[in-house]
Amino acid sequence: MSKSLARQLLKWTLRITPWVLALALGAGWALSAWTPTYLERLIPQLARDMGLPVTEFHIRSAGLFSADIGPVELALATGDPDDGLRLESVRVTYTPASLRLGRVHRVVIRGVSLAGSHDGQTFRLPLLDLFQAAESGAKAGKTPLPVLPFDQLVIEDSILTLDTPAARLFIPFAATVTPPGAPGEPMRVTAALRVRDQDISISADLGPTLDDLTLTVAAQGLRLASLGDLLPLAVDGLLDLELTAALDLSRPESIVASASVTLRQADLACLGATLADDTLRLAAALAEEGVAVTLAPLALTGPHPLTLHASEIIISGDMVRADFTLASAATLPEGTVIPGAFEARRENGGWTVALTMEKKDSFRAAAGGRSLRLGGLTLALRGAVSPAATETQTGVSAAMVLEARTRSCSLDGADFATGSATLRLPLAWPAPARHEQGRLTVAAIRSGARRLGSLNAALWQESLGVRFTGDFNTDLLPKLRASLAGNASLADGTASATFAVKGYPLPKGFDPGTLAPGLAGVAVAGTLDAEGAVHYNKAGLKSRLGVFVTDGSLVYGGEGQDNDGVRLDGLHLYFESPDIVDFRSDPAQVLTFERLRTADIEMTDGVIAFQVEPGGVTLVERARFAWCGGHVESRAFRVVPGRDEYDVTLHCSGLRLSELLAQLGLARARGDSTLSGELPVVWKGGQLSFHQGFLHSTPGEGGVIQVEGLDNLVAAIPEGTPERAQIELARAAMQDFEYNWVRLRADTVGRDLLMRLSVDGKPAKMLPFVYRKDFGGFVKVEGDIQGSNFQGLRLDVNFSLPLDRILLYKNVIGRIE
């Protein structure tokens with residue numbers, strides 16, 4: 001039985017198997033023929049059910065488990081083909097059973113082409129209009145996630161074309177959509193964008209309803225330079241970004257979002273700023289008024305060392321508001337903090353902007369390597385920012401007014417200060433070639449306790465800088481104005497100014513004691529010219545000054561007559577300083593004069609070379625003038641403020657004895673004899689004195705000397721005395737004396753100048769004196785009595801002259817050898 005049953009089973013198996021295989025092959029052929037037709041009906045129907053207008057759909061191939069579809073095109077009601085969606089190819093995997101249920105396992109889409117635009121305010125992606133139209137008929141309230149007809153959707157090798165005011169961007173992207181695996185789970189979407197070779201990743205969860213969305217956007221090392229034409233400022237660096245958000249789409253106000261931003265290797269050169277640390281960090285979160293931003297303390301090293309700390313920044317669609325402080329790193333050890341506020345509001349298609357800073361207390365700030373002390377500071381920048389006004393101009397335009405004021409200003413280490421200063425400067429962006437005029441005023445400019453004057457200038461913006469012209473009105477001289485001109489550049493952090501006085505005639509009888517108390521009582525006349533400049537850059541502050549006086553004169557004492565007081569004519573001063581702040585001069589500054597006269601003393605062709613050193617010290621390098629037919633020159637010496645004692649040695653050469661005695665009022669002399677030597681002069685406590693001055697004649701040069709004016713001295717001595725006889729003999733001899741050599745010594749005794757004139761020679765003629773033994777000396781004879789012929793006579797004549805004024809000599813003492 002068993003054998004018979006086995007035979008029968010084998011027999012029927014062999015008979016049935018070919019038919020089963022044929023039936024299976026026939027069913028497979030039937031399914032393959034049926035599937036494309038089915039898919040061509042199924043997929044457009046699914047698209048229509050989703051509200052998507054499919055205008056082109058082709059199935060390239062289809063089998064039991066997969067199908068290749070493409071191209072597929074969806075169009076919008078706008079009719080613009082660029083606004084639609086085009087898919088180059090779609091690969092769908094499935095099973096016959098899943099198809100009968102209206103589902104597929106996996107959809108891979110390649111070559112998606114999307115178009116979008118951003119006009120500076122609104123982002124538009126026409127594809128979203130398709131979904132908005134599809135959802136327009138949805139009922140109010142939260143809608144559960146729909147059951148999507150696929151298990152996974154993958155988008156590859158696709159591109160988004162985005163038109164912006166600055167450029168057209170081609171952004172490759174890829175995405176994956178994973179529907180929920182079970183009820184209550186969200187739909188997961190991940191995407192990757194590549195903007196100019198910079199990667200940005202996006203991930204989102206939608207669910208459990210269509211209104212529940214969480215979103216994360218991240219970027220690591222995004223190089224901002226590649227997006228420079230899209231940014232309002234050309235900031236460079238590597239950006240790390242992480243943005244998270246969660247919201248109920250039915251209640252957009254419920255959104256909760258935060259962001260963390262780090263800019264590494266930050267380059268803020270476009271703002272003229274340099275960071276102490278090249279990393280900039282900030283965090284942001286949604287608040288009731290908008291986005292609340294917290295900025296980590298930002299330390300700058302240039303253009304000014306300071307630290308910016310923003311305690312609160314609020315950003316919304318129509319408003320930006322921030323409270324901040326600036327702390328200067330170049331202030332006193334305790335630091336200086338200046339509070340400020342910024343506010344911008346959207347109005348009439350643009351923004352109104354207001355920046356204010358105010359510090360009421362005095363503080364210090366760095367300026368050209370020095371410390372600048374300000375008596376408080378008020379700073380305001382107000383205006384409007386709007387989109388570009390022309391078709392060729394992109395970005396934004398701005399019109400602002402900068403206002404600043406301070407109660408006072410002084411520079412530490414320099415004897416310089418000002419009173420109140422105010423500034424008003426209109427500004428515009430894009431930077432114009434020249435903008436409307438502003439104004440700068442500085443009152444009560446002082447040097448020490450001396451009031452110098454005030455500054456009034458017009459200024460205006462030129463490109464990325466400021467140019468100004470104006471006048472410095474000084475109180476030192478009547479109607480004296482110095483013209484000013486200069487510029488400052490924000491691009492390279494430099495500033496410069498020049499000033500000049502052209503051909504100012506000093507007022508008649510001008511007393512320079514108003515400028516230098518030590519010159520009180522001196523009347524100066526002449527023509528004043530001056531010019532100078534101040535330059536500032538990253539290396540510090542540089543300045544220069546030139547002062548020139550021509551055709552000048554100086555009168556001191558008396559009424560300015562030639563025979564009273566001191567008068568100096570033909571004065572010329574050439575003075576240049578390479579540093580006004582640390583006031584000093586270049587070497588070899590020159591003061592010249594044509595003639596200096598006091599009483600009967602006259603000097604001509606004077607030249608004084610000098611140098612003003614830091615601290616007010618004056619180095620007189622050389623002083624030279626012509627006197628009595630010869631020359632007098634001094635060695636170098638320094639004039640130090642506060643010092644009241646100086647020793648100066650005057651070197652004399654070729655002084656004519658005749659002119660020397662005549663100018664001193666001592667005697668009249670004839671001949672060609674000249675004197676040379678040294679005159680040590682001491683100035684102490686306001687008094688002038690001479691010590692062991694010595695002048696001598698050149699050997700072999702003789703002449704005749706005549707001394708008159710001894711009658712009063714003779715009359716003061718009683719007649720019949722030996723002293724009177726000696727005086728009468730000396731007077732007679734000096735009236736006409738032939739000398740072989742002459743010496744002149746000068747010393748100060750008390751307040752008088754004692755000059756001893758020593759001569760060697762003989763009287764030019766016989767003198768009416770004879771020697772009487774009983775008298776013990778020479779006596780004068782009268783009548784026809786022949787006198788004596790003196791030979792080898794040496795006379796020493798002492799003259800005592802008050803230093804403050806040349807008077808007659810007091811006595812003459814003669815000695816006969």
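# Close-up views of a predicted model

**View 1. Glu613 and its salt bridge to Arg638.** With a relative accessibility of 17%, Glu613 counts as buried (buried is under 20% relative accessible area, exposed is over 50% and partly exposed lies in between, with a 1.4 Å probe and protein chains only). The model is predicted, so that local features need pLDDT of at least 70 and side-chain atom pairs count only at pLDDT 80 or more, whereas totals for chains, interfaces and linings use all residues. Residues are numbered from 1 along each chain as its sequence is written, and side-chain values use heavy atoms, with hydrogens and water left out. Between Glu613 and Arg638 the closest N and O atoms of the salt bridge are 2.9 Å apart (a salt bridge is a side-chain nitrogen of Lys or Arg within 4 Å of a carboxyl oxygen of Asp or Glu). Because Glu613 lies in strand 36 (residues 601-613) and Arg638 in strand 39 (residues 637-639), the pair ties together parts that are 25 residues apart in sequence (strands are DSSP runs of E with at least two residues, helices are runs of H or I with at least four, and both are numbered from the N terminus).

**View 2. The salt bridge between Arg635 and Glu678.** The side chains of Arg635 and Glu678 meet at 3.7 Å, taken from N to O. This pair links distant parts of the chain, 43 residues apart, with Arg635 in the loop between strand 38 (630-634) and strand 39, and Glu678 in strand 42 (residues 674-684). Arg635 is partly exposed, with a relative accessible area of 48%, and Glu678 is also partly exposed, with 35%.

**View 3. A network of salt bridges that includes Arg597 and Glu602.** The linked residues are Arg567, Asp569, Arg595, Arg597 and Glu602. Within this group, Arg597 and Glu602 meet in a salt bridge of 2.6 Å, N to O. Arg597 counts as partly exposed at 21% relative accessibility, as does Glu602 at 24%. The count for the model comes to 20 salt bridges.

**View 4. The hairpin of strands 18 and 19, with strand 22 alongside strand 19.** Strand 18 (residues 336-347) and strand 19 (residues 350-359) pair in the antiparallel sense over eight bridges (two strands pair if DSSP finds at least two bridges between them). Two residues separate the strands of this hairpin, and in the turn Asn348 has a positive phi of about 55 degrees. Along the pairing, Gly340 stands opposite Met357 in strand 19. Strand 19 is also joined to strand 22 (residues 377-387) by nine bridges, and these two strands run antiparallel; here Trp351 stands opposite Val385 in strand 22.

**View 5. Thr279 in a loop between two strands.** Thr279 is found in the loop between strand 13 (274-275) and strand 14 (280-286), and with 17% relative accessibility Thr279 counts as buried. The side chain of Thr279 makes a polar contact of 3.5 Å with the side chain of Asp278 (a polar contact is a pair of N or O atoms within 3.5 Å; within protein, one must be able to donate a hydrogen and the other to accept it, and residues adjacent in sequence count only if both atoms are side-chain atoms). Leaving aside neighbours within four places in sequence, Thr279 is in contact with Thr262, Leu263 and Arg264 (contact means heavy atoms within 4.5 Å).
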